[in-house]
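Good morning, colleagues. I would ask you to look at the structure on the screen while I speak about its aromatic rings.

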Amino acid sequence: MGELTSFGFTPGRSVLHRLDPRTKQMLLILLGGVCLKGNIVFLGLLSLTLGLLGRGAGLSISRLIAETRYFLYLLVVVFIARAVRFSGSWIPVVSMGSIGEAGMVCWRLFLVVVMGILLVATTRVAHIRAALVWFLTPVPGVNSRMAATMVGLVVRFLPLILFQAAEMAEAQRARCIDRRKNPLARLMHATIPLFRRVFLGADELAAAMQARCYSDYRTLPDLTFSRLDTISLGAALMISATAFLP
């Protein structure tokens, strides 16, 4: 499955692989939050940093773009919706200001998605789960282990769902379903079988977990902060500070 999609853990010894999973989640929350309001300097620095870290982690940019192509289609729709304005007489108007604003919005959303992919690609699911338990345990009213298990299952099975979607798309292309002119029919032929397979897979997984007496109270891997985590958090704060430059 690792050869079929980038949305899965890839073993390695890069900087991202050696960071504590709690640090990576804090960086994702910090940089993702600042990214939504960041200026062009912050976005440029963050893009450069993510590019270097992703290359160090062995992630191919071309493959990343290929795997996120459906999200890129969505960004194109967002770009058009943000760039095109309508005058009082409902005439579409496009200005350089609206194009720049739309480009910034898409740039921010893309960086947030890339940060999530880097987190998943360089962190084992068990470590993501352990970090979530560490974060959620002090929160009252939240079953931290159950919440972490749910997130871990989503992360683990997201590549499988994407693989099934790609497999079904190829099967439909072989049957010329993608040439139908009715977009609603194409959407129904794509989504209904996919959701059916996902729900059947979820049922089989739940049955398998019950058969093996699965419990949320499993032994979690040990997590340790290191000097590299401190340096990474400091660097992230410095990059975040550029978002508030005039």
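The charged end of Arg22 sits over the ring of Phe225, 4.2 Å from the ring centre; by this we mean that NZ of Lys or CZ of Arg is within 6 Å of the ring centre and within 35 degrees of the ring normal. Arg22 also has its charged end over the ring of Trp134, 4.9 Å from that centre.

Please note that this is a predicted model, in which local features need pLDDT of at least 70, side-chain atom pairs count only at pLDDT 80 or more, and totals for chains, interfaces and linings use all residues. Residues are numbered from 1 along each chain as its sequence is written, and side-chain values use heavy atoms, with hydrogens and water left out.

How many aromatic pairs does a search of the whole structure find? There are three, where rings of Phe, Tyr and Trp (its six-membered ring) pair if their centres lie within 6.5 Å; planes under 30 degrees apart count as stacked, over 60 as edge-to-face and the rest as tilted. Trp134 and Phe225 are edge-to-face, because their planes stand at 75°, with the ring centres 6.3 Å apart. Trp134 belongs to one aromatic cluster with Phe135 and Phe225.

Buried means under 20% relative accessible area, exposed over 50%, and partly exposed in between (1.4 Å probe, protein chains only).

Phe195 and Phe199 form a stacked pair, 6.1 Å centre to centre with 25° between the planes. Phe195 is partly exposed at 48%, whereas Phe199 counts as exposed at 52%.
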